[in-house]
Structure formats: C-alpha cells, structure tokens
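Dear colleague,

Please find below the structure that I am handing over to you, with its sequence. My notes on the pockets and the nonpolar core follow it.

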Amino acid sequence: MGRGKIAIRRIDNSTSRQVTFSKRRNGLLKKAKELGILCDAEVGVIIFSSTGRLYDFASSRFFISFTI
C-alpha cells in the first residue's frame with residue numbers, strides 16, 4: 001500500500017512546516033548529488049529557508065559563490 005496524496009499548500013503549523021522543510025531539503029540535496037554522480041552532470045542547488053538561511057549543493061566541477 002502506498003502513501004496517500006497530500007494537498008500541496010502551505011503548512012499552517014510552524015513546527016510541522018520546519019520538520020517538513022528539513023526532510024524535503026535533505027531529500028532534494030541527496031537527489032541532486034545522485035543525479036550528478038549517476039549522469040556525470042554538473043548540478044547546483046540553492047535553497048533559502050523562511051528565515052533566510054542558505055543551503056546549497058554543487059557538484060565537484062560546478063562552483064557557486066554567494067555573499068549575503
């Protein structure tokens with residue numbers, strides 16, 4: 001049995017929203033790393049949290065430099 005579908009909308013509970021953000025952020029960064037390795041692709045991901053914190057990933061040949 002698979003998981004049920006969820007409505008894609010803003011999560012009202014701030015604690016649940018933060019937990020979901022952390023889990024999905026980690027999943028997205030993992031998928032970006034896998035894509036870069038499996039397909040020999042240059043991959044870059046930039047994520048800003050609601051508090052303005054920066055999370056990023058870049059494949060070994062692809063460099064990102066930001067100043068905030």
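In the second largest pocket, α1 contributes the most to the lining, with three residues. Please bear in mind that this is a predicted model. The complete lining of the second largest pocket consists of R17, Q18, F21, F48, S49, S50 and T51. Sorted by class, these are two nonpolar, four polar and one charged residues. The space in this second largest pocket comes to about 190 Å³.

The largest pocket holds about 300 Å³ of space. Its lining is formed by I6, A7, I8, R9, R10, I11, R17, T20, F21, K23 and R24. Here the classes are five nonpolar, one polar and five charged.

The largest nonpolar core comprises seven residues, namely L29, A32, V43, V45, I47, Y55 and F57. At least two residues of this core come from each of α1 (14–38), β1 (44–48) and β2 (54–58). As general background, nonpolar side chains in soluble globular proteins tend to be buried together.

With kind regards

Key
Residues numbered from 1 in each chain as written. Predicted model: local features only at pLDDT ≥ 70, side-chain atom pairs only at ≥ 80, totals over all residues. Heavy atoms only, no water. Core = buried A, V, L, I, M, F, W, Y, C linked by side-chain atoms within 4.5 Å. Buried < 20%, exposed > 50% of the residue type's maximum accessible area, 1.4 Å probe, protein only. Helix = DSSP H or I, 4+ residues; strand = E, 2+ residues; numbered from the N terminus. 1 Å grid on protein atoms, 1.4 Å probe; cavity = no way out; pocket = protein on both sides within 12 Å on 5 of 7 lines; lining within 4 Å. Points joined across faces, edges and corners; volume = space filled by probe spheres on them. Nonpolar A, V, L, I, M, F, W, Y, C, P; charged D, E, K, R; others polar.
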